[in-house]
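Colleague: I would like to understand how the labels used for this structure are decided, so please set each value against its rule as we go.

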Amino acid sequence: MNEQQIKEKITNEFYWFHKHPELSFQEYETTKRIRKNLEEAGIRILNLPLETGLVAEFGSGNHPIVAIRCDIDALPVTEEADVSYRSEHLGCMHACGHDFHTSAILGAAYLLKEREQDIHGTIRVIFQPGEEGPSGALKVVETGIIDDVDAIFGMHCTPLLEVGKMGFIDGPAMAAVDAFHIVFQGKGVHAAHPNKGIDSIVTAAAFVGAVQTIVSRNMDPFAANLVSVTHIEGGHNWNVIPKSTLIEGTTRTMTKEERKRITARVEEIAQSVAQTYGAQAEVTWKPGPPALANDKTWGIFAKQVAKEHQFEIAPMEPSLGGEDFAFYFEKTTGYFVQIGTGLSYPNHNPKFKVDPTALYPAASYMADLAVQALDTLHDDKGNK
């Protein structure tokens with residue numbers, strides 16, 4: 001396919017993906033569509049134990065090995081965006097731009113197929129499931145396909161930048177994400193006789209206030225950390241003090257040490273507050289991805305390729321949002337870039353949308369980034 005054919009193809013595929021969103025680990029039709037497109041282009045697909053998502057490969061199969069990745073799942077959001085290709089699945093929407101990622105990386109795959117003779121080593125293209133769910137990146141890692149990868153690159157669309165701009169964050173870029181689930185167990189009693197019970201709501205309320213002191217009093221004030229309580233549920237009647245009250249929330253940290261410290265303090269405060277009020281606390285954690293830290297050397301390289309593709313470089317601030325691409329950095333090194341898709345409502349908003357004209361530039365950039373990274377690794381004999 002020539003450039004114009006690829007542009008038209010991936011734009012049409014973007015419309016299809018947007019109209020047919022699927023939630024994490026339910027991306028069966030999405031995967032079928034990706035597979036069909038790759039097979040029709042004669043692109044080889046690796047045989048891996050993935051129910052959804054897939055990995056394509058180009059080149060010799062030998063080192064050096066570079067990977068590029070996109071995510072393919074949608075969110076449980078009802079779309080309100082003013083576009084002609086709105087979601088046809090009520091309550092499900094590509095509100096984070098994974099349809100854009102999928103289409104752009106599909107375009108990168110087409111371009112890599114066209115220049116496979118220029119690939120001196122191996123390039124793997126990962127269409128990853130479940131980024132919004134419980135860490136789909138781990139499903140890919142568990143296949144072993146990342147074990148021998150020398151460098152991996154990913155991208156995310158951003159509504160903070162116009163088309164033609166790219167954002168770069170060297171070092172810590174996105175936060176480790178953990179969720180806590182705490183049940184304060186007291187003693188239920190009639191609201192008129194609180195002295196005969198143990199008030200789980202008062203206990204939970206005391207915890208909500210106390211837990212906010214972790215960031216303000218236990219952590220470095222120059223560091224980026226966060227504790228948010230997002231769900232409180234206790235009681236069903238106006239005249240009954242409930243036996244138990246549930247609290248849920250999230251912590252966000254940028255280093256392993258901060259992650260360990262905040263986790264310990266949340267548990268300590270929950271137990272100490274419960275003891276103070278005569279209650280009990282049951283604390284459960286749901287760990288998410290680690291913090292994402294970009295390699296600065298690969299950042300210099302990625303910015304240079306961006307300039308070659310006429311992108312305007314836009315420095316961006318680190319985010320306390322999470323990204324399971326970070327799991328890949330536990331196995332190898334690389335860089336995660338932000339690609340401008342036009343100013344819009346924020347990610348996860350029902351009115352979020354991207355400008356499809358950003359698709360081909362993103363595809364061309366990611367394909368060239370992979371090829372040039374291989375050349376760099378080859379020249380350095382894999383010692384980058």
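This is a predicted model: local features need pLDDT of at least 70, side-chain atom pairs count only at pLDDT 80 or more; totals for chains, interfaces and linings use all residues.

Colleague: Why is N347 called partly exposed?

Modeller: Buried means under 20% relative accessible area, exposed means over 50%, and partly exposed is in between (1.4 Å probe, protein chains only). N347 has a relative accessible area of 26%, so the residue is partly exposed.

Colleague: Which residues is N347 in contact with, leaving aside its neighbours within four places in sequence?

Modeller: With contact meaning heavy atoms within 4.5 Å, the partners of N347 beyond those neighbours are A95, C96, H156, C157, P159 and F352.

Colleague: How many aromatic pairs does a search of the whole structure find?

Modeller: The search finds 14 aromatic pairs. Rings of Phe, Tyr and Trp (its six-membered ring) pair if their centres lie within 6.5 Å, and planes under 30 degrees apart count as stacked, over 60 as edge-to-face and the rest as tilted.

Colleague: Why is the pair of F184 and F207 called tilted?

Modeller: The ring centres of F184 and F207 are 5.5 Å apart and their planes stand at 55°, so this pair is tilted. The pair links distant parts of the chain, with F184 in strand β8 (residues 176-185) and F207 in helix α5 (residues 200-211), 23 residues apart.

Colleague: What makes F184 count as buried or exposed?

Modeller: The relative accessible area of F184 is 0%, so F184 is buried, and F207, also with a value of 0%, is buried.

Colleague: What makes the pair of F325 and F336 stacked or tilted?

Modeller: The planes of F325 and F336 are at 40° and the ring centres are 5.0 Å apart, so the pair is tilted. F325 counts as buried at 0% relative accessibility, and F336 is buried with a relative accessible area of 4%.

Colleague: How do you know that K7 lies over the face of Y360?

Modeller: A charge sits over a ring if NZ of Lys or CZ of Arg is within 6 Å of the ring centre and within 35 degrees of the ring normal. K7 lies over the face of Y360 at 5.4 Å from the ring centre, and K139 lies over the face of F25 at 5.7 Å.

Note on methods
Residues are numbered from 1 along each chain as its sequence is written. Side-chain values use heavy atoms; hydrogens and water are left out. Helices (H or I, at least four residues) and strands (E, at least two) are DSSP runs, numbered from the N terminus.
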